[in-house]
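Please read this briefing alongside the sequence and the coordinates.

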Amino acid sequence: MEGRSPWYLAYRRLRRNRIALAAAGLFVAILLFVLAAPLWADQVAHTTPNANHTLEKVEARGETREVVNPEGKPVGPLWLDAGGRFFLGADGTLGRDEMVRLMYGGRVSLLIGFSATLLATLLATVLGLLAGYYRGWTDAAISRTLDVIWSFPVTLLAISLGLALAVGGLRIGPLHLSGSSIWIPILIIGFVYTPYLARPIRGQVLSLREQEFVEAAVAQGAGPLRVMFGELLPNLASTLIVFFALGVANNMLLEATLSFLGVGVQPPNASWGSMIGGGFELITTAPLLTVIPGAMILLTVLSVNVFGEGLRDALDPKSKVLLEAHAGTPEPRGTPV
Amino acid sequence: MSRFVIRRIVGTVLVLFAVSVIVFTIFNVIPDSNPAQSMAGKNATPTLVASIEKEWGFNDPLPQQYVTMMRKVFTGDLISYEGREDVDERILEGIPATFSLCIGAAVIWMFFAILFGYLSARKPGGLLDRVLTVVSVTGISIPEFWLAAVFLNYLAYKLGLFPSGGYVPLTEDPLQWAYHLILPWTTLSILYIGLYSRVLRSNMLDVLGEDYVRTARAKGLSPGQVMTRHVLRNSLAPIVTLFGLDFGALLGGAIVVEYIFNLNGIGLYTFESLINQDLPPVIAVVLFGAFFIVLFNALVDLFYAFLDPRVKLGSSPQ
């Protein structure tokens with residue numbers, strides 16, 4: 001009988017999981033939707049996400065309508081009546097095209113969700129490997145530092161950092177980020193999410209390093225770096241993949257919350273969260289400005305969560321990684337919200 | 001036991017110290033913030049700004065400013081920059097609304113999480129399990145503040161089924177108290193219902209494979225008795241642990257919900273202070289929140305030792 005690699009077996013299990021595949025399909029559709037932003041903006045809506053159309057009029061089905069009427073109410077969805085302009089209406093008193101902003105905003109939301117999680121995963125992997133491999137003082141120093149971050153109400157820490165950095169930007173040595181850079185929410189979310197990943201990774205390293213293959217590597221003369229990155233890291237791969245997927249879902253929600261409160265993505269950039277923040281002010285007159293970006297977040301996060309669970313089932317059918325990703329075992333810890 | 005308590009107290013003090021230093025630092029590195037300037041107003045004369053700086057000690061070295069502020073936190077003399085209010089008093093005023101919100105939401109989420117988890121695990125893969133899985137995963141994926149906004153618009157403004165916000169004290173009118181809190185409770189608990197019912201379901205499925213479950217069945221207990229007395233009971237410990245930790249950290253979630261439903265609690269106060277870059281209330285609230293997190297961490301450890309005598313208090317885990 002032919003041997004199969006565990007990765008191939010996992011792939012086969014994933015392929016049979018129709019719900020996970022449907023979720024992946026939904027995610028790809030959302031990705032294509034946001035990637036098509038420039039196309040829609042140029043060819044259909046003939047505008048840009050930040051172009052102001054307050055004083056303009058738009059022709060829909062032979063009827064001329066003001067983009068923003070004198071009472072300050074933006075025009076509602078015109079669908080294709082105006083040739084695709086203001087497909088979802090205008091976004092408020094500035095009269096920007098909601099559909100174009102939705103597509104560009106999604107890029108920002110997804111970019112932050114992915115980059116922040118990538119950053120947190122890299123940091124957590126290095127910290128978890130160091131703490132789990134060296135143990136002793138290294139472990140104590142790393143673990144206690146993470147404990148302190150943990151003792152913060154996460155949202156509160158992220159809001160404080162978001163506020164401070166949005167006002168003043170960030171300056172580390174020669175590196176300077178302005179307050180409106182989207183790198184700021186990426187760094188903040190990556191930073192506050194790191195302990196949630198580093199804990200369980202450290203726990204896994206602690207148990208992995210007692211196994212024979214590590215002993216064998218050491219006997220062959222492998223140094224600490226070789227053992228950590230050549231032997232231990234590959235054994236963490238399936239955990240990391242699942243953590244990554246569930247982390248993206250979690251961090252997109254955190255980004256949305258921060259941006260909604262005005263301490264995440266700063267103008268001129270917009271994300272789905274900050275669009276809800278803007279729409280919320282007009283919720284009684286134009287509720288769709290709140291409903292639609294939120295529904296996009298829900299669909300995206302849902303697709304990532306369902307696919308992430310499918311990945312977990314495929315990679316390790318017996319594991320309880322969802323629990324760990326949220327609870328951060330071996331010692332159970334709270335939910336990162 | 002005494003060793004455990006001493007360790008925990010020392011740990012708590014260290015953590016609170018670190019947390020307060022971090023917040024203090026975050027606010028003092030904001031380059032364009034000048035509390036004296038903003039307190040004096042836009043058209044303030046330099047003399048006025050200078051006198052405020054002197055009065056509040058903004059020119060003192062940072063460590064000294066930190067010590068002064070911390071002393072005020074604990075003596076109750078802390079005054080906010082914005083409006084010069086007594087911070088500890090404002091926090092105490094916010095406690096009824098915030099605690100009502102958090103405790104009520106916690107009761108709701110534990111009830112539904114256990115109900116959903118139990119129903120799911122009874123027939124894994126069945127129709128009910130699949131429906132509840134969809135409900136739970138959706139619950140985990142909903143942006144909380146968005147749900148709050150949607151509820152507010154459709155159920156409160158449009159249909160008028162619920163009040164649009166505000167807090168009625170429990171002592172004044174218990175019915176109105178609950179009526180005003182239904183939407184906030186629901187929004188705050190949905191995420192946890194989704195998460196906890198998933199965790200409980202998976203724990204119960206694990207426990208179902210244990211030998212003692214087979215024994216219980218073999219000695220003739222009905223399936224219902226086996227599920228409640230043996231499986232459910234033994235699956236609850238991790239949920240209760242998770243609950244302790246999440247409940248301690250609930251203040252974060254309360255910020256958004258209190259903001260949208262205009263509940264005059266600690267969360268709303270925190271958010272307003274943050275937006276005004278008003279450091280004293282923020283420091284006090286963060287300490288307050290961190291204290292609860294640390295406290296519930298310790299309670300969880302005690303609870304664990306109580307449930308499982310093999311866990312020794314005082315020795316560090318692992």
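What follows describes a predicted model, beginning with the two chains and ending with single positions.

The model has an ipTM of 0.89 and a pTM of 0.90. For chain B the mean pLDDT is 86, and 95% of the residues reach a score of at least 70. Where pLDDT is low, predicted coordinates should not be read in detail.

**The two chains**

- Chain A contains 12 helices and 4 strands, whereas the secondary structure of chain B consists of 13 helices and 0 strands, so that reading along the sequence of chain B gives the pattern α-α-α-α-α-α-α-α-α-α-α-α-α.
- Along the principal axes, the C-alpha atoms of chain A occupy a box of roughly 80 × 55 × 35 Å, and those of chain B occupy one of roughly 85 × 60 × 35 Å.
- Of the 337 residues in chain A, 50% are buried; for chain B, with 318 residues, the buried share is 39%.
- Among contacts with a separation of 6 or more, those between residues 24 or more positions apart make up 67% in chain A and 71% in chain B.

**The contact between the chains**

- Chain B contributes 51 residues to the contact and chain A contributes 48 residues.
- On the side of chain B that touches chain A, at least two residues each come from α1 (2–28), α6 (127–141), α7 (144–158), α8 (174–208), α10 (223–248), α11 (251–260), α12 (266–275) and α13 (279–307) of chain B.
- That side of chain B comprises 36 nonpolar, 12 polar and 3 charged residues.

**The largest nonpolar core**

- The largest nonpolar core has 169 residues, and the members touching the most other members are A:A158, A:I189, B:L101, B:A148, B:A149, B:Y196 and B:V286.
- Helix α4 (residues 98–134) of chain A supplies the largest share of this core, with 15 residues.
- Leaving aside residues up to four places away in sequence, B:Y196 is in contact with B:W109, B:A113, B:G117, B:I239 and B:L242.

**Helix α2 of chain A**

- Helix α2 of chain A runs over residues 18–35, and its 18 residues reach 25 Å from the first C-alpha to the last, close to the 26 Å expected at 1.5 Å a residue.
- The buried residues in α2(A) are A:A20, A:A23 and A:V34. They lie on the same side of α2(A), because the arc they cover around the axis is only 60 degrees.
- A:R18, A:G25, A:V28, A:A29 and A:L32, on the other side of α2(A), are exposed.
- The packing partners of the buried residues of α2(A) are α1 (6–16), α3 (37–45), α4 and α11 (288–315) of chain A.

**Helix α6 of chain B**

- At 1.5 Å a residue, the 15 residues of α6(B) should span 21 Å, and this agrees with the model because the end C-alpha atoms are 21 Å apart.
- B:L132, B:T133, B:S136, B:V137, B:G139, B:I140 and B:S141 are buried in α6(B).
- The cover over the buried residues of α6(B) includes elements of both chains, namely α9 (224–260) and α11 of chain A together with α5 (87–122) and α8 of chain B.

- Beyond residues up to four places away in sequence, A:I112 touches A:I182, A:P185, A:I186, A:I189, A:E255 and A:S271.
- For the pair A:F87 and A:M99, 12 residues apart in sequence, the C-alpha atoms are 6.0 Å apart in space.

Key. Residues are numbered from 1 along each chain as its sequence is written. Chains are lettered from A and ligands numbered from 1 in the order in which they are written. This is a predicted model: local features need pLDDT of at least 70, side-chain atom pairs count only at pLDDT 80 or more; totals for chains, interfaces and linings use all residues. A nonpolar core is a set of buried Ala, Val, Leu, Ile, Met, Phe, Trp, Tyr and Cys residues joined through C-beta atoms within 7 Å. A residue is buried if 20 or more other C-beta atoms lie within 10 Å of its own, exposed if 12 or fewer, and partly exposed in between; C-beta atoms are placed from the backbone. Two residues are in contact if their C-beta atoms, placed from the backbone, lie within 7 Å. Ala, Val, Leu, Ile, Met, Phe, Trp, Tyr, Cys and Pro count as nonpolar, Asp, Glu, Lys and Arg as charged, and the others, Gly among them, as polar. pLDDT is the predictor's confidence in each residue, from 0 to 100. The expected span of a helix is 1.5 Å times one less than its number of residues. The arc is that of the directions from the helix axis to the C-beta atoms.
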